[in-house]
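Please read the points below with the sequence and the model open beside them.

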Amino acid sequence: MSFAFRTLIKIAGLITGITGIAMLAPMMCAFYYGETKTAIAFVITCPISVVVGFLIFFFMKPSKHALKTRDGYLVVIFCWIACSFFGAIPYMLSGQVPSIIDAIFESVSGYTTTGASTLPDSCLSNSLLLWKATTHWLGGMGILIFIISILPSLGIGSQRLAAAEAPGAGLLSAAPSARDLSRSLYFIYISFTIVEFVLLWQGSSMGALEALINTLGCISTSGLFLHSGGVLFYHSVFVEIVISVFTLLASCNFLIYIYIIQRNFNMVKNNLEIRVFGMIVAGATLIIAVSLYATGTFKTFGESLLRSFFQVSAFASSSGYSIGDYSVWPTFCQGILFILFFVGGCTASTSGSIKVLRVIVMFKLINRGFYKRLHPRAARAVKLNGKAMPARAVAAISTFIFMYFATFLIFSLVLSLQGLDLETTLSATASLMSTTGIGFGDIGAAGNYSVFCPALRLFMSLIMLVGRLELFTIFLLFFPSFWNPNRAKIK
Amino acid sequence: MDLNLKTLLRIIGKLLIITGTVMVLPFFVALIYGETEAAKDFIAVIAPSVFTGAMISLLAPHSHRPLKMRDGFLIVSISWLIMSLLGAVPFVINGCIPNFIDAFFEMCSGFSTTGATILKNIEALPMSMLFWRAFTHWIGGMGILVFAIALLPNLGIGGQTIVRAETPGPTLSKVTPKMKDMARSLYLIYTGFTLIETLLLMAGGLSFFDAITHSFSTMGTGGFSNYNDGAAHFHSAYVEGIITVFMILAGANFNLYYIALKKQVHVLVHDQEFRLYIFIIGVTTLMMTLHLYFTHTFDTLASSFRYAVFQDASIITTTGFATTDFNLWPTFCIMVLFLLFFIGGCSSSTAGSIKVIRILVLLKLFKRSVSMKLHPKALFSIKVNDQPLPSDTIQNIISFVFLYIVTVIGVTLITLLDGVSITTGLSATASCLGNIGPGFDAVGPVLNYDLFSYPVKLVLSFAMIAGRLELFTLMMLFSRRFWNPAH
């Protein structure tokens, strides 16, 4: 066993400290709105997290040897556990969340950008909503990259950490080093946040706090609900369009924006993933709109198109907003939305699920399957953006997709112990794994998971983590060879 | 276009003769039970198809070009469609299934060994029609063209190309050098099992007719029964036990039986696919038994086990018999069955779906990718039964499973156009594509597929054939690359 535990704990300490600092805004919010109990909760948690976190960070000596791959995986898990735990304390102390399990669920749902809840709508107070939105925002880009971008002082193998953390296949590297890359990513992320905040605040009847909460939940593709009935509450087409456009922007590959900043428009134009993502969103929107209009669900085609676009963008970006009750839509439309659970957004974005790039590779492999069966002896590489992909990357991607479906089925099996109908069970799993948050059947548009028993709620927190960290990060822990390097052999 | 159309024509000729010949059996059944109407209906198909077939065989020109993969796909797909079309005709003439699309659905379900039916009252059918339904399972189980190769020695075609396009599962080993010998030995084992099961079922008090039709259905892993309540009709644990055992036998690799018969039993016992197959059956049965017992779905542990093991074997072997309405079972059991929908039997069995061997390879891929994540620079090969798998085989398995997933999703969307629930659409599709039969919700074991509209029934019929022919064979015909070799 040769893990660099000291360094791992040091980093986890830093994360805890940052979690504490992030509590300052909700704390002030609690004071402002006179939520005494919640304010006390933050007053207790905030200093503890900050002090404990930074004490560990400053006084723990880092391990001498460099970080290895397996340390990278472990550090990610350490950090997520640390921030989820400290993030859960305010919910618990505020008394607004009935049990510790629900508090953990809220916290994990926050950091994984799922936006699911075990509580009825609009049950949390303003300050806690702001806290949840903040965790969404922090979790959005992965708190780890956050660390790399602001604290290069650690001087550890940051490339490796990024490989374990950043969502998606990560085939492209636009910026020379992980540090610069994540700095640019955060710059874009923050710009989007500010632009959307201003639009929502000035362009609608929302107050500043509500606009901020909506923005934080939208840019991180979480889909935080403030009101039952979803976004229809605002009665504003402008709000609907702003939210769906920004949630789509947040689920596009962020490297694209770097290219745009660098004025490298060729790379943008030729990017297959963005084009396919656009086609998926446009195609699904159109089909659902036609179906809604043809079945008379909505009277005008314009309304059908608007509703369809909003709901498709909510599913495709894995944010999980809802516009009205889509469970009364024709099952065909629901089927398309269900498929979007398994597509998700682009790589290097805040969205979850399989991701468009992998889906593209999957179809290319099917196409090659046809070719190979006609010409059994021919060799043929899978090409992406004109370049042949290395066999290793293809194998990794296809294994990931299989693993995703297998995990989906096994997790559904566990959730089926609750005895809810199949549709609810399957959609709950798909929704949590893809960090979407809303589902079908009993979960419905409100994304309320209180129908599950406490033990399963805890398990659902695990599902969200597994989905967010791209399966392997968590699964590796259950392999003996992870803990004992010399046993890595296939029988 | 360089398709070998001459050979295709000749094979179609032979196929027409074979179809006519196999229909002689239900014709005799009709005579025995004095169903003159039905007998006439069968003759009305037998006579013209044998005649046309003979004419084609006599007149069609010979081709000496060997068959390519492309020809194999076309021949196999067309043969299956022709068989299903012809098989449907007696039902329509007889009037017991008035609509042709319904009859076609029923026959696709028969030949693909699915066992999904659109009939509300099965017992109203004439005996001969019931026999024909079950018999299509038996023929379809081993493959129509494998059947042809086994029966007709001088077909003059490259058997391997066709067998590859028709046999379920990736072929990892060659058992006998000649396809003809292999086809024959497989059919011999198949017939042997069928006869033994018939005798054992008769010992359980079934009539010869019931015993043989249910044996056809079991060995072909089909699922058609002569009764509305299916295998539950007999109310006999013994009968259910026999059917369970033979379903499991039919879902295992027949090549292994061939080897085992040559006194190499250890090959069967040590086969990784067979072991995983038995392991999956054991674990899932145990889970369902306990869950059924502790949720008080059944009173005793014994009856929980009885229903659980039967249903488990019935679904994993893609037979689709039901001894109870599993729609009413707890969701956990339904979910276990739903998982089994996507596993299926072993390669070179009569079962459908993804097949255990592919699941095995996927599991090994998972394991390898974990090792690769920890040791990014090391090379790992994937071995089955201590033999390293060539990367081509792995690629084929990967593309198959992907295509399977995509097809399930695509066809489900089409079924949803009928406005059925997602559970109904998804389970009906998975069931048809996996050649299982019953699904959940509105297509549950005591219900039928009549609720779908005709276009959807047609799509599901194609899905059944596509699933039986392992997707690529039939779906190839819809690809541009197939018709334009330069593409």
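1. Helices here are DSSP runs of H or I with at least four residues, strands are runs of E with at least two, and both are numbered from the N terminus. A residue is called buried if 20 or more other C-beta atoms lie within 10 Å of its own, exposed if 12 or fewer do, and partly exposed in between, with C-beta atoms placed from the backbone.

2. This is a predicted model, in which local features need pLDDT of at least 70 and side-chain atom pairs count only at pLDDT 80 or more, while totals for chains, interfaces and linings use all residues. Residues are numbered from 1 along each chain as its sequence is written, and chains are lettered from A and ligands numbered from 1 in the order in which they are written.

3. Helix α19 of chain A (residues 422-433) has twelve residues and reaches 17 Å from its first C-alpha to its last, close to the 16 Å expected at 1.5 Å a residue, where the expected span is 1.5 Å times one less than the number of residues. Twelve of the twelve residues of α19(A) are buried, so the helix is largely enclosed by the rest of the structure. Among them are Leu422(A), Glu423(A) and Met433(A). Just after α19(A), Thr435(A) takes a positive phi of about 55°.

4. In chain B, Leu426(B) lies in helix α19. Leu426(B) counts as buried because it has 28 C-beta neighbours inside 10 Å. Leu426(B) and Thr412(B) are 14 residues apart in sequence, yet 5.2 Å apart in space, C-alpha to C-alpha.

5. The contact between the chains takes 52 residues from chain B and 47 residues from chain A, two residues being in contact if their C-beta atoms, placed from the backbone, lie within 7 Å. On the side of chain B that touches chain A, the elements giving two or more residues include α16 (331-341), α18 (391-416) and α19 (422-433) of chain B. The largest share of that side, 15 residues, comes from α18(B). The residues of that side divide into 32 nonpolar, 13 polar and seven charged, where Ala, Val, Leu, Ile, Met, Phe, Trp, Tyr, Cys and Pro count as nonpolar, Asp, Glu, Lys and Arg as charged, and the others, Gly among them, as polar.

6. The largest nonpolar core has 284 residues, and those that touch the most other members include Cys79(A), Leu340(A), Ile334(B) and Leu460(B); such a core is a set of buried Ala, Val, Leu, Ile, Met, Phe, Trp, Tyr and Cys residues joined through C-beta atoms within 7 Å. Its largest share, 13 residues, comes from helix α4 (residues 69-94) of chain A. Not counting residues up to four places away in sequence, Ile334(B) touches Leu422(A), Phe326(B), Trp329(B) and Phe440(B).

7. For chain A as a whole, there are 22 helices and two strands, and buried residues make up 55% of its 491 residues. Among contacts in chain A between residues at least 6 apart in sequence, 71% join residues at least 24 apart.
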